[in-house]
Amino acid sequence: MTHRLANIDLVNDCDGFPDLETNPRAYSEQLGRLYTLIWEDDQGAFPIGYLPVTVLDVLRKTPASIRGRLDINPTARTVALWQNLKSYEERTKQTAQLTSYWRKNQTFRLLKGWRNEMWPIYGRNGELLMSIERAAMGLFGTTRYGVHMTAYIRRNDDTSDYDFRIWVPKRSSNKSTYPGMLDNTVAGGLMTNEDPFECIIREADEEASLPEDVMRRSAVETGTVTYIFITDERSGGEPGYIYPECQWIYDLELPSDGSVVPKPKDGEVESFSLHTVEEIQEQLAQGLWKPNCAMVMLDFFARHGVYTPENEPYYDQICARTHRFIPFPGPHWDYQHPDTRC
């Protein structure tokens with residue numbers, strides 16, 4: 001890559017959905033390619049996702065016996081699904097029937113990444129409305145949840161201006177999404193009813209062979225990182241899907257004597273290597289990091305004083321956009337609380 005990326009370029013790459021206040025024209029153009037997926041409760045209708053017009057066209061053509069109830073308001077550009085089903089179990093069963101049908105018929109390339117993991121969709125008050133197969137979430141544009149952790153050690157020497165080194169994994173070249181790119185030390189998706197801390201402990205074992213006792217003793221939750229990503233070819237499916245995402249963020253300081261180090265385990269990661277801040281800054285500038293992991297790294301650097309308003313011209317914008325408001329309900333009322341910002 002000849003063009004070096006600035007930090008704000010990395011943010012733009014990940015948080016690509018236009019903001020209404022700062023870019024109303026682009027925001028309007030983007031909404032013109034979408035319908036808003038809504039849910040109605042006793043207080044009225046509220047949004048839960050962004051449905052691409054291409055997916056709506058397929059929904060219309062899918063047999064009603066497979067699809068279930070579909071309510072479209074072309075004037076308001078809203079779609080409601082399964083509003084007649086009264087329970088979480090009924091709605092989840094209906095989503096499974098629909099997405100399995102699409103998978104069987106190879107309707108969307110996105111579903112080639114089927115994981116047999118159920119991810120949640122929440123209602124106005126944090127209640128579960130339904131769960132959907134992980135690979136299908138992008139078709140409905142509902143919020144995806146995950147956990148990301150940065151592991152580091154303390155080291156003072158003349159190779160860096162900073163007293164810590166960060167463990168950076170290289171993603172497996174066999175992965176369907178972002179193969180061979182650099183990642184946060186540990187990351188994974190949050191399944192329905194899974195606690196974020198328990199999830200990061202599970203992922204730390206599966207991906208990095210990090211012991212549970214070390215995680216429970218030393219992993220520190222620092223808040224969340226939120227953004228709205230628009231997929232491209234690197235994402236393992238058709239471009240143009242909307243991924244509102246909320247990541248719970250953890251830091252883990254490991255012993256500097258090397259008694260505990262991350263090691264590949266489940267094949268998700270090809271290797272781990274220890275890097276200085278300056279080396280990671282160079283990797284980011286070359287576009288070597290997975291987009292949302294770059295966002296998490298920028299948040300880490302801001303929290304640890306690597307970036308400040310004095311040395312990063314877009315500091316305030318970066319902090320705001322790594323903690324973007326997502327207009328859909330989440331599992332906790334404060335999952336986007338301003339106190340989580342850098």
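**Contacts, rings and pockets in a predicted model**

The side chains of His275 and Glu279 are joined by a polar contact of 3.2 Å. (A polar contact is a pair of N or O atoms within 3.5 Å; within protein, one must be able to donate a hydrogen and the other to accept it, and residues adjacent in sequence count only if both atoms are side-chain atoms.) This is a predicted model, so local features need pLDDT of at least 70 and side-chain atom pairs count only at pLDDT 80 or more, while totals for chains, interfaces and linings use all residues. Residues are numbered from 1 along each chain as its sequence is written, and side-chain values use heavy atoms, with hydrogens and water left out.

Back to His275: this residue sits in strand β12 (residues 269-275). Strands (E, at least two residues) and helices (H or I, at least four) are DSSP runs, numbered from the N terminus. His275 has 15% relative accessibility, so it counts as buried. Buried means under 20% relative accessible area, exposed means over 50%, and partly exposed is in between (1.4 Å probe, protein chains only). The His275 side chain also makes a polar contact with the side chain of Ser273, at 2.7 Å.

Ser160 is another residue with polar contacts to look at. Ser160 is found in the loop between β7 and β8, and with a relative accessible area of 11% it is buried. Its side chain touches the side chain of Glu278 in a polar contact of 2.8 Å, and the side chain of Ser160 also reaches the backbone nitrogen of Tyr162 at 3.1 Å. Tyr162 turns up again with Gly305: the two are 143 residues apart in sequence, yet 9.7 Å apart in space, C-alpha to C-alpha. Gly305 lies in the loop between α10 and α11 and is partly exposed, with a relative accessible area of 39%.

Next come the aromatic rings. A pair of aromatic rings is described by the distance of the centres and the angle of the planes. Rings of Phe, Tyr and Trp (its six-membered ring) pair if their centres lie within 6.5 Å; planes under 30 degrees apart count as stacked, over 60 as edge-to-face and the rest as tilted. By this rule there are 16 aromatic pairs in the model. In one of them, the ring centres of Trp102 and Phe108 are 5.1 Å apart and the planes stand at 75°, so this pair is edge-to-face. Trp102 and Phe108 are both buried. Trp102 also pairs with Phe140: here the centres are 6.3 Å apart and the planes are at 25°, so the pair is stacked. This pair links distant parts of the chain, with Trp102 in helix α5 (residues 88-104) and Phe140 in helix α6 (residues 137-140), 38 residues apart. Phe140 is buried, at a relative accessible area of 1%. Elsewhere, Tyr152, Tyr162, Phe164, Phe300, Phe301 and Tyr307 make up one aromatic cluster.

A charge sits over a ring if NZ of Lys or CZ of Arg is within 6 Å of the ring centre and within 35 degrees of the ring normal. Arg144 does this with Tyr243, lying over its face at 3.9 Å from the ring centre.

On a 1 Å grid over the protein atoms alone, a pocket is an open set of points where a 1.4 Å probe fits, with protein on both sides within 12 Å along at least five of seven lines; lining residues have an atom within 4 Å of a point. The largest pocket holds about 920 Å³ of space, where a volume is the space filled by probe spheres set on the points. Its lining counts 47 residues, and nearest the centre are Arg115, Arg134, Arg144, Arg171 and Thr177. Strand β7 gives the largest share of this lining, five residues. The lining includes 16 nonpolar, 13 polar and 18 charged residues. Here Ala, Val, Leu, Ile, Met, Phe, Trp, Tyr, Cys and Pro count as nonpolar, Asp, Glu, Lys and Arg as charged, and the others, Gly among them, as polar.

The second largest pocket has about 320 Å³ of space. Of its 15 lining residues, Asp15, Asp19, Thr22, Gln317 and Arg321 are the closest to the centre. Helix α11 (residues 315-321) gives the most to this lining, with three residues. By class, the lining of the second largest pocket splits into five nonpolar, five polar and five charged residues.
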